[in-house]
Amino acid sequence: MNMNRHTSWFTWLCFLIVCFLPSIVWAGPHVRVGVYQNSPKVSVSAQGRPEGILIDLIEAIGAEEGWTIEYVPGTWGEGLDRLAAGKIDLMTDVAYTPERETLYRFHREPALSDWSEVYAQRGSKIRSNFT
């Protein structure tokens, strides 16, 4: 009878391992993403939910890659500090510079382009560097 009790426990243990091991072993990575207020690209809603064009993109990539995503709100500067300290894995909306490339990995395909225009009165001394 003692042997049956041990067999029963062993059977239950095997059952639990078979049921739960795949979700533990094959669970995608936990990815921490810095977010800040820069709508419509990225922001945190009044309800505290991340939103924006880049959030939609991260969510789509995360779903395809099996990521568990944790959003870490703060200022843009706090996000860069967290990225440098390894407290987050991704920071949204960081413009490429040669100096930043020595610290961070940048993707090669732009997700979104920024543009702006400045208007000035005729005769002002404001000039563009672009021709």
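Residues are numbered from 1 along each chain as its sequence is written, and side-chain values use heavy atoms, with hydrogens and water left out. As the model is predicted, local features need pLDDT of at least 70 and side-chain atom pairs count only at pLDDT 80 or more, whereas totals for chains, interfaces and linings use all residues.

The protein chain contains 4 helices and 5 strands. Both are DSSP runs, numbered from the N terminus: helices are H or I runs of at least four residues, and strands are E runs of at least two. Along the sequence the pattern reads α-β-β-β-α-β-α-β-α. The chain has 131 residues, of which 19% count as buried. Buried means under 20% relative accessible area, exposed means over 50%, and partly exposed lies in between (1.4 Å probe, protein chains only). The chain exposes about 11,000 Å². Carbon and sulfur atoms supply 59% of that area. Accessible areas come from the Shrake-Rupley method with a 1.4 Å probe; for residues, only the protein chains shown count as cover. Contact means heavy atoms within 4.5 Å. Among contacts between residues at least 6 apart in sequence, 50% join residues at least 24 apart.

Three strands form an open sheet in the order 4-1-5, with parallel pairing. Strand 4 (68–73) and strand 5 (90–91) are the edge strands, each pairing on one side only. Two strands pair if DSSP finds at least two bridges between them. Strand 1 (residues 30–35) runs parallel to strand 4 and is joined to it by 6 bridges. Strand 1 also runs parallel to strand 5, through 2 bridges. Val33 has bridge partners in both neighbours: Tyr71 in strand 4 and Leu90 in strand 5. Arg32 has Glu70 as its bridge partner in strand 4. Helix 2 (residues 53–65) lies across strand 1 and strand 4. Its direction makes an angle of about 155 degrees with strand 4. Axes here are lines fitted to C-alpha atoms, for helices over the stretch in contact, and angles run from 0 to 180 degrees between N-to-C directions.

The largest nonpolar core has 16 residues. Such a core is a set of buried Ala, Val, Leu, Ile, Met, Phe, Trp, Tyr and Cys residues joined through side-chain atoms within 4.5 Å. Val33, Val35, Tyr71 and Met91 touch the most other members. Strand 1, helix 2, strand 4 and helix 3 (76–85) each give two or more residues to this core. Strand 1 gives the most, with 3 residues. Beyond residues up to four places away in sequence, Val35 touches Val42, Val44, Pro50, Ile55, Tyr71, Val72, Pro73, Gly74 and Thr92.

Glu51 belongs to strand 3 (residues 50–51). Glu51 is partly exposed, at a relative accessible area of 39%. Leaving aside neighbours within four places in sequence, Glu51 is in contact with Lys41, Val42, Ser43 and Ser45. Glu51 and Val35 are 16 residues apart in sequence, with 9.1 Å between their C-alpha atoms.

The structure holds 3 salt bridges. A salt bridge is a side-chain nitrogen of Lys or Arg within 4 Å of a carboxyl oxygen of Asp or Glu. One of them joins the side chains of Arg32 and Asp89 (3.0 Å, N to O). Arg32 lies in strand 1 and Asp89 in the loop between helix 3 and strand 5, so this pair ties together parts that are 57 residues apart in sequence. Arg32 is partly exposed at 23% relative accessibility, and Asp89 is partly exposed at 36%.

Lys41 forms a salt bridge with Asp93, with the closest N and O atoms 3.0 Å apart. Lys41 sits in the loop between strand 1 and strand 2 (43–44), and Asp93 in the loop between strand 5 and helix 4 (98–101), so the pair ties together parts that are 52 residues apart in sequence. Lys41 is buried, with a relative accessible area of 10%, whereas Asp93 is partly exposed at 23%.

Arg108 forms a salt bridge with Glu101, the closest N and O atoms lying 3.4 Å apart. Arg108 is exposed at 67% relative accessibility. Glu101 is partly exposed at 33%.
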